[in-house]
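Have the sequence and the model open as you read.

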Amino acid sequence: MYHRTTGNRTGAYSYLICGRRPFARAELKGSYEYPAINGTVDFFATPAGIVVSSEVFNLPYDEEKPCSSQIYGFHIHKVGKCTGGEEPFSDAGEHFDKDDCQHPYHSGDLPPLFGNHGYAWSAVLSDRFSPEDVVGRSVIVHLHADDMHTAPSGNSGRRIACGIIMGV
Ligand SMILES: [Zn+2]
């Protein structure tokens, strides 16, 4: 059954985060393959859930291919470590999940980022996790779009940026 938890307000972004401060932030940095990527992911607690607001710069794209993917998988991963070997950020582990769900129903699954000539901005509301659930974990940006189906990570390709979610 559908119901709205915020009364009859229209749930506008400005209403959800206006006057609030983020309780946590992740500073994104690119992998050794994409060192120019940087950005910030802010987490705001609201009565309806947590707003995850992201701004990312220098995402890779191909100017010559207008139909090539400029969509980047975006998830909260289990472990707050942005280290790894040949496979970037492998120490971040798999998607954060507290209810034994499958992708894309993991607690930490988020809509992908949409690139705009290398720049992405997005905000999404999720009630799949609490502040305590996510501080100390990591956010990862992937090279490809998330197909919202394939286990365990939506076939979204290599990890290109990572940030540890730290309390503000
Ligand atoms: Zn997932």
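## Strand β9 and its partners

Strand β8 (residues 138-142) and β9 run antiparallel, joined by 5 bridges. Within this pairing, Val141 stands opposite Ala161 of β9. The model is a predicted one.

β9 also pairs with strand β1 (residues 24-30). These two run antiparallel as well, with 2 bridges between them. Here Gly30 has Ala161 as its bridge partner in β9.

The largest nonpolar core holds 32 residues. Those touching the most other members are Leu28, Phe43, Val56, Val134, Val141, Cys162 and Ile165. At least two core residues come from each of β1, β2, β3 (49-57), β5 (74-77), β8 and β9. β9 gives the largest share, 4 residues.

Val141 makes several contacts beyond its neighbours up to four places away in sequence. They are Leu28, Val56, Tyr72, Phe74, Leu113, Ile160 and Ala161.

## Ala36, in a loop

Ala36 sits in the loop between β1 and β2 (38-46). Is this residue buried or exposed? Ala36 has 12 other C-beta atoms within 10 Å. A residue with 12 or fewer counts as exposed, so Ala36 is exposed.

Ala36 lies 125 residues from Ala161 in sequence, yet their C-alpha atoms are 9.7 Å apart in space.

Key. Residues numbered from 1 in each chain as written. Predicted model: local features only at pLDDT ≥ 70, side-chain atom pairs only at ≥ 80, totals over all residues. Pairing = 2+ DSSP bridges. Buried ≥ 20, exposed ≤ 12 C-beta atoms within 10 Å, placed from the backbone. Core = buried A, V, L, I, M, F, W, Y, C linked by C-beta atoms within 7 Å. Contact = placed C-beta atoms within 7 Å.
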